[in-house]
Amino acid sequence: MELIRKVRKTGFTIAPEAGSQRLRDVINKNITEKDIVETVENAFSLGWKLIKLYFMVGLPSETQADIEAIAALVKRLKAFAKKQGRIQKINVSVATFVPKPHTPFQWEPQISLETALEKINWLKDNLKLPGVQVKWQDPRVSVIEGVWARGDRRLNKVLIDAWRSGCRFDGWTDFFDYDRWMTVFEANRINPRHYTDGIFDTDQQLPWDHIDIGVERSFLIEEKARAAIGKITSDCRTGSCSGCGVCDFESIKPVSFHDHKRLFSTQGPLPGPQPSETDVKYVVNFKKMKSSRFLGHLEMAKIFIRSLRRESVPLKYSNGFHPMPSVSFGDTLPMGMQSEDERMLVTLTEPIDSRELISRLRRQMPDGLEIISCSPYIKNKALERIDKQHYWVELKDGFFMQKDLAWFAGQQSVTIERKSKKDKLVVVDLKKAVSEIRLLDDHHVVMTLGTDNNLMVRPGLVMKTVFKLSKLQILTAIITKRKTNYV
Ligand code: SF4
């Protein structure tokens with residue numbers, strides 16, 4: 001814990017999974033209540049202000065007493081936090097247990113949606129304490145997860161139909177639509193409870209039996225029997241081999257890394273590249289086209305950082321508890337917009353040939369992210385400020401009308417309110433921000449846009465305000481940034 005303390009101290013996470021020792025033994029969680037209490041006490045004493053605890057409801061053999069043990073454990077930990085007299089918080093996350101293939105519980109049933117809701121609601125009601133926040137995974141998500149965890153080939157059509165009917169991004173609460181999933185199951189005459197609540201026999205052929213992960217089926221059956229009587233199996237990295245079947249003890253055997261002291265040296269700098277006098281900056285010019293236009297800015301930044309790492313490019317990192325690679329981008333493109341003229345500024349700890357950097361990056365880029373050029377950045381400052389941006393817009397739905405453009409030309413000012421990055425309302429005058437709008441035909445327009453009141457104006461705003469186009473018409477248009485002028 002002393003070593004963890006040396007890096008970022010956002011929150012300390014422990015996953016007891018179950019509240020009672022009996023149930024922790026059933027799931028072979030080699031952690032005692034004493035371990036949990038001592039770890040939390042140490043964490044609070046060492047300065048952590050937030051402890052995150054993860055529990056599951058619906059574990060095999062669980063009773064109400066096990067649920068009550070979760071509340072009792074949290075209350076015990078909270079009492080200690082109160083004794084410390086500081087503002088310390090405990091976040092309790094609860095999820096429904098989902099039996100997974102290739103585990104000793106692959107034959108066990110998942111609790112029903114109604115039971116899961118009952119258990120989670122009980123915990124919510126009984127953990128209404130100051131400084132304790134209960135979070136939970138929607139048990140309806142766990143139902144869907146359970147179906148797919150132990151599903152078979154009969155679900156192929158369900159998957160396609162679900163996608164066709166609009167099931168997307170189910171991990172996001174605002175997208176997840178349980179009723180839509182149920183409609184698809186019904187249309188395919190599939191009872192999801194067959195996959196979730198069903199108890200599978202250990203003699204029964206399972207849909208995933210043809211996949212060999214190395215662990216013997218007999219070992220899983222044995223572990224299931226041990227779990228039923230709460231007999232724990234020791235960790236083979238520290239104890240004896242339990243004969244799971246994975247190792248041949250020649251090419252495959254457990255290897256533990258014990259030299260953590262060297263890795264987490266208590267003295268000196270954190271691991272990773274450190275500042276150096278040979279630091280050198282490069283400007284990388286690239287295109288973001290085709291399917292890559294649907295990458296969000298952070299996703300795109302991650303792709304660049306991963307690519308540089310994969311190619312062992314000597315990236316410079318910031319100092320501090322949370323070292324970050326020294327990479328920045330000239331613009332933050334809205335999702336869906338493509339660009340032929342983007343820039344990244346990257347700092348390396350040693351010089352590298354520009355052509356070499358280009359070819360290394362090109363090896364890693366996905367379709368649509370195209371590296372155009374790269375050169376050392378000579379000025380000792382960040383990227384220049386964007387002055388104007390030139391766009392080409394193709395409308396897929398609707399028309400650009402000459403009369404709208406004539407209206408805009410005749411105005412003294414066209415003001416609109418927009419939210420700044422700091423969430424403040426700012427008035428932007430389009431007449432000041434728009435340098436040029438030129439109609440090529442009914443479906444194509446070019447425009448040159450700048451800023452007003454420090455806010456960059458994008459084509460979408462012009463399309464909405466000047467051409468009165470709908471959100472859908474704007475979203476389906478192809479907007480390409482052709483060129484950027486810097487000051
Ligand atoms: S030592 Fe290898 S075979 Fe034995 S229990 Fe561990 S992983 Fe399985």
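View 1. The loop holding glutamine 204 runs between helix H9 (192-196) and helix H10 (217-228). Helices are DSSP runs of H or I with at least four residues, strands are E runs of at least two, and both are numbered from the N terminus. Tyrosine 282 is 78 residues apart from glutamine 204 along the chain, and their C-alpha atoms are separated by 61 Å. This is a predicted model: local features need pLDDT of at least 70, side-chain atom pairs count only at pLDDT 80 or more, and totals for chains, interfaces and linings use all residues. Residues are numbered from 1 along each chain as its sequence is written.

**View 2. The largest nonpolar core.** A nonpolar core is a set of buried Ala, Val, Leu, Ile, Met, Phe, Trp, Tyr and Cys residues joined through C-beta atoms within 7 Å. Helix H4 (residues 64-84) gives the largest share, 7 residues. Another core, of 23 residues, lies apart from it and includes Val445 and Met463.

**View 3. The hairpin of E10 and E11.** Strands E10 (residues 415-419) and E11 (residues 425-429) pair in the antiparallel sense over 5 bridges; pairing needs at least two DSSP bridges. Lysine 419 stands opposite leucine 425. Between the strands are 5 residues, and aspartate 423 takes a positive phi near 65°.

Definitions and conventions. A residue is buried if 20 or more other C-beta atoms lie within 10 Å of its own, exposed if 12 or fewer, and partly exposed in between; C-beta atoms are placed from the backbone.
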